[in-house]
Structure formats: C-alpha cells, structure tokens
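Subject: Structure handover

Hello,

Here is the structure for your files. Please open it next to this email; my notes follow below.

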Amino acid sequence: MNAKAINFLFRKNTENPKTLWFLAVFFFAFTPLALSVESVQTPMNGRCVTNVMAILYFLLMWLSADKLLRLLMMHMVWLSYIGELIFCEWLKMYHYRTDGIPMYVPFGHAIVYASGYVWAHRNWAIQSDALIRKIFTVLFLLSFLAVGWWLNDIFTLVFAVFFFALLKRKRWQNLYYFIAVCVVFIELVGTYFNCWAWSEKTFDYLPTANPPIGAVFFYAGGDVLLAKLVQKLNQNHT
C-alpha cells in the first residue's frame, strides 16, 4: 500500500460515527452468528467463513472509526495474538476446538475492544458516568461472587481482585467495564458453541468455570498495555 493510500485511509473525514455505532450495537448479534458458523456443528469450512466474516467486520469498524480508534484496533490485532500464544499455547489456560489459534481470534479481540470503546464514548454514557460506574461495580461484584460460590470458580474469585485493583489504578474508567461486558458476552457465546473451552483447573491448581468471567482481568490488562503503547507511539510522532 503506497503513502497516498495510507493517508486516505487515515483521513479524518473518512469517519462514519453512525455506521460505527451500528456495528458496535450489532456486535451482540454478529458474535453468535459468526461463532455458530465456526462451531463443531458445521463442516470444517465453517471456520473459513467465520475468518472472512471477522476480517470484514473488523475492516468495516476500522474504516468507520477515527484515527485514534484505528490505531488501537490495528495494534490490538498483533498484541492479542501474542496474548493468545502466551495464555493458550504456553500456559494452556484454554484451548480451541482444533489445534492452533484461528485467524478470526485476533480480529475478534479488536472488534470486542472497539465495540466497548464505542459504547463507552456515547454522550449518554459520558453524561451518566458516575451512575453507570456504580451499576457496573455492583453487577460485576455480584457476578464474580455468584459464579465463585455456585460454580466453585476460584479462578474468577482470585482474578476479580486483580480486576478491581486495576480499575482502581485506572480511576474506575467505565471504558474497561463496557469492554468487559463485551468480553463476558463473547466468552459465553464461544464456549456455548464449543469454539473454545477453558481448562477445569488453571495452572493445574485453580478450579475454573467454562468460561470464567474473571478472565476479564486479562483483557483489561491487555487494554491498558494497548493504550500505553499507542500513547507512546503518538508521542514519538509529535
């Protein structure tokens, strides 16, 4: 891609906020559709279809976003792939229904991030920031305790502490809550369709539900790393 093409793609007037908002909302319909195609109930070429669906959805969101969100999405793809290598391939915390990391996964991570980002930056979300923060805090706390108690999900109880500690450090930004909602949704859908499954005991020690909602901590940690990386890159270019 030449310099003129790159400049065109990053031009501010190529933003389409209405399309981006539609895609962020439609995320909750797109996810079960795409993962049901990939699931074990479909022929092997179902994954190829899901790969194409995820890449196209990513491109639609990317082309509709502003420059900052484009950078975040672009870097999320390779950053999340590294995370997959660490948590899936190395630590064996979960596994996909076939060997290796499916192509749609890193693009899916970027879609999850962008969807939560868009929800968090809506005017109503900004204006009701304090109220939404209180609601999210209570709901996540109750959810963590519920699955920990009834499902013996010690993984979630442990990493819920780290999740809230991270949020406190980031001044309880609702961005991480909105992204966490998208994360919990896609984890529930993905495990329902058997696209991936979490180990019964993480690190051969911690009893873990399938999926453990405490996994939001690892997503939040990746989001923080992503934001710092993009901020550093922007500083280097100014």
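A residue counts as buried under 20% relative accessible area, as exposed over 50%, and as partly exposed in between, with a 1.4 Å probe and protein chains only. First, the ground rules. This is a predicted model, so local features need pLDDT of at least 70 and side-chain atom pairs count only at pLDDT 80 or more, while totals for chains, interfaces and linings use all residues. Residues are numbered from 1 along each chain as its sequence is written, and side-chain values use heavy atoms, with hydrogens and water left out.

Cysteines

The disulfide count is 0, where a disulfide is a pair of cysteine sulfur atoms within 2.5 Å. C88 is in no disulfide; the nearest cysteine sulfur belongs to C195, 13 Å away. That 13 Å is too far for a bond from C195. C88 counts as buried because its relative accessibility is 6%. C195 is buried too, at 0%.

Overall fold

The chain has 10 helices and 4 strands. These are DSSP runs, numbered from the N terminus: helices are H or I with at least four residues, strands E with at least two. In sequence order the pattern is α-α-α-α-β-α-α-α-α-α-β-β-β-α. The radius of gyration is 18 Å, close to the 18 Å the globule rule gives for 238 residues, so the chain is as compact as a globular protein of that length. That radius is taken over C-alpha atoms, and the rule is 2.2 Å times the number of residues to the power 0.38. The C-alpha trace spans about 55 × 45 × 30 Å along its principal axes. Of the 238 residues, 46% count as buried.

Largest pocket

Its volume is about 670 Å³. A pocket is an open set of points on a 1 Å grid over the protein atoms alone, where a 1.4 Å probe fits, with protein on both sides within 12 Å along at least five of seven lines; lining residues have an atom within 4 Å of a point. Points are joined across faces, edges and corners, and the volume is the space filled by probe spheres set on them.

The lining has 38 residues, and S80, E84, V105, H109 and Y219 lie nearest the centre. α4 gives the most, with 8 residues. Elements supplying at least two residues each include α4 (67-90), α5 (104-120), β1 (94-96) and α10 (216-236).

Best wishes
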